[in-house]
Amino acid sequence: MTQGERMSPGRRTVLGAAVLGTAAAGLPAAAASAQTRQEHGEARRHGTYKDLPVPYVIGHRGTAGYRPEHTLGSYQHALDLGAHVIEQDLVPTKDGHLVCRHENDITATTDVADHPEFAARKATKTVDGVAVTGWFTEDFTLAELKTLRAKERLPAVRQRNTLYDGRWDVPTFEEVLQWAEREGRRLGRRIWLHTETKHPTYFRKLGLPLEDRVARLLRRYGRHRADSPQFLQSFEPSSIQRLSRLVDTPSVVLLSGKGTKPWDFVVSGDPRTTDDLVKPAGLKWIASYAQGIGPTLDLIVPKDAAGRLTKPTTLVADAHAHGLILHPYTMRNENAFLPADFRRGTDPNAYGDAFGAFKAYFATGIDAVFSDNADTALLAAADFRAKRQSPYR
């Protein structure tokens, strides 16, 4: 979905949250591990997103804080840390396969620039109104793309992640679905995924529509039902509407910042902006075909000119009033990405008080959060649930 590592004492203390989550709330490690299994067991037994432990943690692009994003290594690490749900972004190849990349421009996330055989494919394209120069998935067959290796997108911020450069290739969505099936059998529970169609209007105009391809794979792997362990998401409401006519999988409309407009609205001439969609009438419209929204955190708690959190908006209550769940994005541990209230020291790449920020956001009543650092988010969520349930709070 969105951005921005350096090892600090804070990072070492948050590793292993799948075991330590409730230990932070005063429980021994064995009890914490049992609670983690119980939380996942609830979702397996009842089979709907309504049974996930609120607030639940969505591993953003896997564990982008610790591994190169959208690789099987990143997804596996998110699962091993205990993330309740794991995210993929989908773009197509030239021959119509769906692959997991945040953008169709693969310049920053693969070693394509080191392949002289593909030098001539570097191009400048306009994607959703923005000129971008690089190499694009739609200009490669899957076989060609599989010759590339993934790398860390933010090497200056997350230097230690570069250790894994070249270790994994670019996975297809089908490979991720097969991985989820294998891991589900190994763990004895269903693996929750959160899958985004990227730039659907752009790709539809290229003759590479995403929705039919996504729906076909969801049906093939049994993720097309209302009780499937699967969310669908898009920044373009029309993509979610198309998907809702093809499958019953729960879906989420992603919302950018104030004053922005979904690209499909720009193309169709729809005058509404995000400001309209977060009003009761807009939320009622979204609820007619989707189960939730994925707003930026700033739409829930705005920041002032200094970057500090201000008073929460009514968006959480308004969305809940229309039966919509909220999956806001994106929490990261580094100072550069935290509200100014929770930055510590002057190094933008050092960890700040991420736990303090999580506490502030969870207090608004959100149902889940996207995080690059699933272990930190799990600890924070466990703390929040424990304090909410404690008779001594």
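I shall speak about the nonpolar cores, then the strands and helices around them, and finally the salt bridges. Please bear in mind that this is a predicted model.

Let me begin with the cores. The largest nonpolar core comprises 80 residues, and Trp-179 and Ile-293 have the most contacts inside it. Which residues does Trp-179 touch, leaving aside those up to four places away in sequence? They are Leu-72, Tyr-75, Gln-76, Leu-79, Ile-86, Ile-191 and Leu-193. There is also a second, separate core of 14 residues, with Ile-58, Val-85, Leu-254 and Ala-368 among them.

Ile-58 brings us to strand E1, residues 56–59. Tyr-56 and Ile-58 point one way from E1, while Val-57 and Gly-59 point the other way. In a regular strand, side chains alternate between the two faces of the sheet. Here the residues on both sides of E1 are buried.

Which way does strand E11 run relative to E1? E11, residues 368–371, is parallel to E1, and four bridges join the two. Within E11, Val-369 is the bridge partner of Val-57. E1 also pairs with strand E2, residues 85–92, again in the parallel sense, over two bridges. In that pairing, Ile-86 of E2 stands opposite Gly-59.

Strand E2 also contains Asp-89. Asp-89 is buried and yet has no salt bridge. The nearest side chain of opposite charge is that of Arg-61, at 4.3 Å, which lies outside the salt-bridge limit because that definition requires the nitrogen and the carboxyl oxygen to be within 4 Å.

Next, the helices. In helix H14, residues 354–362, the buried residues are Ala-354, Gly-356, Ala-357, Phe-358, Tyr-361 and Phe-362. Their cover includes E11 and helix H15, residues 374–389. H15 contains Leu-378, which is buried at 8% relative accessibility. Leu-378 and Val-57 are 321 residues apart in sequence, yet their C-alpha atoms are 6.4 Å apart.

I turn now to charge. Side chains of opposite charge can pair when their charged atoms come close. The structure holds 20 salt bridges. One of them joins Arg-158 and Glu-334, at 2.9 Å from N to O.

A second example is the salt bridge between Arg-185 and Glu-181, whose closest N and O atoms are 4.0 Å apart. Why are they separated by about one helical turn? The reason is that they are four residues apart in helix H6. Arg-185 is exposed because its relative accessible area is 60%, whereas Glu-181, at 36%, counts as partly exposed.

The last pair is Lys-198 and Glu-196, which form a salt bridge of 3.5 Å from N to O. Both Lys-198 and Glu-196 are buried.

That concludes my presentation. Thank you for your attention.

Notes. Residues numbered from 1 in each chain as written. Predicted model: local features only at pLDDT ≥ 70, side-chain atom pairs only at ≥ 80, totals over all residues. Heavy atoms only, no water. Core = buried A, V, L, I, M, F, W, Y, C linked by side-chain atoms within 4.5 Å. Buried < 20%, exposed > 50% of the residue type's maximum accessible area, 1.4 Å probe, protein only. Contact = heavy atoms within 4.5 Å. Pairing = 2+ DSSP bridges. Lys, Arg positive; Asp, Glu negative; His and termini not counted.
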